[in-house]
Amino acid sequence: MRRFIVLPLLVAAACQGGDGASERATLVDSRDTYDPRSLDPALSTDVPTGRAVGYVFDGLVRFTPAAEVEPGLATRWEVSPDGLTYTFHLRRGVTFHDGSALAARHVVRSFERVLDPKSRGGRAEPLMPIRGARDFNAGKAPRVSGLAAPDDSTVVITLAEPLAIFPKLLAMPVASVIPDSVPENFGEHPVGSGPWKFVEWRHDDYIRFAANESYWGGRPKADSLLARIIPEPSTAVAEFESGNVDVLQVPEGETRQWDQTDERKALLQSVPALRFVHVAINTTRGPLKDARVRRAINHAVDVDAILSQLFSGRGRRAAGVIPPVLGGADSARTPYAYDVARARQLLAEAGHPNGIDVELWTSQTPVYVRMSETIQGYLAQAGIRAKIVQRDASSTREAARKGETDMVVRDWYADYPDADNFLSPLLASTNKGVGGNYSFYASPDFDRLVTQARREQDEAARSALYARADSAAFADAPMLFLLFYNELYAVQPWVRGFEVPTIFNGQRWLNVEIQRQTAGRR
Amino acid sequence: MLTFVARRLALAVPTLLGVLVVVFLLLYVAPGDPVQEMVGERADPETIARLRRELRLDEPLRVQFASYLGGIARGDLGRSYITNRPILGDIVERFPKTLLLAGAAMLLASVLGITIGALSARKPGGWFDRAALGAAYLGISFPVYWVGLLLILLFAVTLRWLPPSGYGAPIYLILPALALGSRSIAFLARVTRSSMLEVLGGDFVRTARAKGLRERVVVVRHALRNALIPVITVLGLDFGYYLTGSILTETIFSWPGLGRYVVNAIARRDLPAIQGSVLFLSVVFVLVNLITDLAYAKADPRVAYD
């Protein structure tokens, strides 16, 4: 039996030859866990798509790894005093990968294409603030009235109402600029002006990119980039250990194995992610209507223990919904203390001395299932009997959107780095259900503060308004506040210049390179 | 023979129709909304309503079903809601990879399984038989998932003989085929062994030995051939396991086959993709069963179809 198994393996080992990481000149990314939906910016709704679109295309502006907005195709822009009109001045001499030159009309056409009711992308939301966009998208107007290209290097965008975060929305993948000629299979063969040219896409396997020699921002340091699609996190770890991939997102469950050996620890890079783990509490269902009950839930759960035991300490405890790295976050606010007696007292005050029954919904992601069971245990101590309902992600989302969940575990990633992307979808009354507010929270005060902040052009004043809105919601406890997640990456020792991005499309591999001398199998 | 094939194929039509009805109804009653999966985490109700109209999801179920059947009759499986690509193209791109993996696993399993089974049957109760039996029990009990990760750990991370995952040169095929075939090797060895023991006790074997044939010829040419009938059945039935087992194997080994496609389609509620691939796999099953039946006739002249 031995002979049968060992023989083919020996043959295989002999065939493999000597090419290891040392000879590799291509940067290999292991982060995508599923095939991108398309490489057409208009269809960009998921992370793998958004990342790839960010390599091939440019927008008027873009995000740095630290999630700051910096000039992209626009070198500068002005905002009118009323906050309604944005004038973007385009970079000169930019060419698309097909050789055609960028002009202002491309920006207008690209946006209209996304908003076109025929494009069926469904993710036109970031461009909706433009005046006339909604009518055009509904097929009620022939053009978007708020888009204009007065000359080849100027784009004037007029908004329906003032919106201070608008430039951040323009750094999203869906606002990428595309050339004139768009073939039928554009999603499979994208052509943009970005740092990387598209080479090849093998579905569920990899996407290959080559350096754009004439990139306006300077040619990428590496010649080629391969985005591998690896669905199983343990496999990605094995690929990293074998030196086949350069960058790895360390899975939660493996954190301890990484940060406890010095050799491995030296490879780690961590940044706070714009990611907020919480349990939305539906404020319109039964006893949960009472804020005292919701506060009781917050007092009943030992969040620090969850953070250290289930997330290996990878994160910061949340006292509000705004991650600490964003304007509006108030680091002085104290989280709800773990205090079972206080929780019981609040329940009794609310008229439930014998406790309450709730359903706690979760997707089947292992860490959230374990977390739900832990929360269930804590809640039981305070007399809150939680029944866990486990469904696949799509079904859980649907139930939450319809308002059928008492409590639902949620992991919220930012699309753009701004407090607004947490406050407004999670808690604004206009976003109840489908819009993302699974708490069905409706507070006129909160809504007013958020709306006011969206219009405010002064950053400091805007942050102050966000902080007030966050405080108000925190006191009302429309969710069980858990944690802001820290991203943890392992980067091979031969990789230079990689910075872990705070936002998913913040790393475009421009300054990343493989140092050939030290490269090799560890 | 031809009439038999034609009759079997004609019988397949109601089977496939039944599959379609069941899949259609299941997806209809299952929770999860395809349109909301299309638009991502957030969208306004108007966009959702518009997409629902465009995809004709607001029409009565039987109208939807009729138009879907119409499409199939024209050979059109529709386009994916999520990627907007034609389903047929997606399947044609991925199925050969799944078939390659299943074929390699099956080949590995039959060669190893039948050999081990035949060798065990030669001296029942001997050291080889007992060792093979023990290994077979382990092989049947371990889940593919676990075997796969173990193989990666051993051969890719520790020994560095083979790549951990991916698709490409034949070297990439070894670990996934071994993982997928492991359960079958064990099972086939067990079936071959018991079938061989039965056959080896038969009169014709005694006759073969009596007329002075060498043991090798007796075992391989006379006994084994007769013992293979139940093995063929098991292989045929196992093919279904290879295709479904490949879902996990493909995930662990980042193999870009049809199994992962189906899983992704289900997770994203991509109705046309789910229906198209289930229909396609059903056709494959029907064909495999037919081939299994025809293989009986080849292995055993007593079986004749007319």
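The contact between the two chains draws on 48 residues from chain A and 48 residues from chain B, where two residues touch if their C-beta atoms, placed from the backbone, lie within 7 Å. On the side of chain A that touches chain B, α1 (2-16), α6 (233-241) and α13 (393-401) of chain A each put in at least two residues. Helices here are DSSP runs (H or I, at least four residues) and strands are E runs of at least two, numbered from the N terminus. This is a predicted model, with local features needing pLDDT of at least 70, side-chain atom pairs counting only at pLDDT 80 or more, and totals for chains, interfaces and linings using all residues. Residues are numbered from 1 along each chain as its sequence is written, and chains are lettered from A in the order in which they are written.

As for chain A itself, there are 16 helices and 19 strands. Its C-alpha atoms fill a box of roughly 75 × 70 × 40 Å along the principal axes. Of the contacts in chain A with a separation of 6 or more, 70% join residues 24 or more positions apart.

One piece of chain A is an open sheet of four strands, antiparallel, in the order β4-β5-β7-β6; strands pair if DSSP finds at least two bridges between them. β4 (74-79) and β6 (147-151) of chain A sit at the edges with a single partner strand each, so one side of each has no neighbour in the sheet. β6(A) and β7 (residues 154-158) of chain A pair in the antiparallel sense over three bridges, and A:A148 has A:V156 in β7(A) as its bridge partner.
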